[in-house]
Amino acid sequence: LRAGHTVHAPVRGSETTADVAYLKAMPGAERLKLFYGVDLLVEGSYDAAMVGCASVIHVASPFYLTGSKKNLKNKLIDPAIKGTENVLNSCSRTPTVKRVICT
């Protein structure tokens, strides 16, 4: 935003969620396009957010602060893999996407 780019930001919650208020208050927020109700685990959920994008920076991943190690694979690893696959599939379906960065 500071560099003048338009940023597409998928958001899990809804437009009324207080969690996005700080995003709307950022300098350059007029170039911030929020896409509400996306879900990493739903195939195609990111398609609309990627339309017209040249670059995708994927930083989202499930994160749990509590829980047992025995559920680590089901609660953390499997959803992280599935979410990354879904984002990459959306990138593949979007002809304008030329670069993908996964963190």
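Among contacts in this predicted protein model (heavy atoms within 4.5 Å) between residues at least 6 apart in sequence, 65% join residues at least 24 apart. Because the model is predicted, local features need pLDDT of at least 70 and side-chain atom pairs count only at pLDDT 80 or more, while totals for chains, interfaces and linings use all residues. Residues are numbered from 1 along each chain as its sequence is written, and side-chain values use heavy atoms, with hydrogens and water left out.

The protein has three helices and four strands, taken as DSSP runs numbered from the N terminus (helices H or I, at least four residues; strands E, at least two). Along the sequence these elements follow the pattern β-α-β-α-β-α-β. The C-alpha trace spans about 45 × 35 × 20 Å along its principal axes. The protein exposes about 7,300 Å², of which carbon and sulfur atoms supply 58%; accessible areas come from the Shrake-Rupley method with a 1.4 Å probe, and for residues only the protein chains shown count as cover. Of the 103 residues, 26% count as buried, that is, under 20% relative accessible area (1.4 Å probe, protein chains only).

Ser90 lies in helix H3 and counts as buried because its relative accessibility is 1%. Not counting residues up to four places away in sequence, Ser90 touches Gly44, Tyr46, Asp47 and Met50. Cys53, in the loop between H2 and E3, counts as buried because its relative accessibility is 13%. Its contacts, leaving aside neighbours within four places in sequence, are His8, Thr96 and Val97. The C-alpha atoms of Cys53 and Val20, 33 residues apart along the chain, are separated by 21 Å.

The largest pocket holds about 1,200 Å³ of space. A pocket is an open set of points, on a 1 Å grid over the protein atoms alone, where a 1.4 Å probe fits, with protein on both sides within 12 Å along at least five of seven lines; lining residues have an atom within 4 Å of a point. Its volume is the space filled by probe spheres set on the points, which are joined across faces, edges and corners. The lining comprises 37 residues, of which Pro10, Tyr46, Ile57, Val59 and Ala60 lie nearest the centre. Strand E1 (7–11), helix H1 (21–24), helix H2 (47–50), strand E3 (55–58) and helix H3 (72–93) each give two or more residues to this lining. E1 supplies the largest share, five residues. By class, the lining divides into 24 nonpolar, nine polar and four charged residues; Ala, Val, Leu, Ile, Met, Phe, Trp, Tyr, Cys and Pro count as nonpolar, Asp, Glu, Lys and Arg as charged, and the others, Gly among them, as polar.

Notes. Buried means under 20% relative accessible area, exposed over 50%, partly exposed in between (1.4 Å probe, protein chains only).
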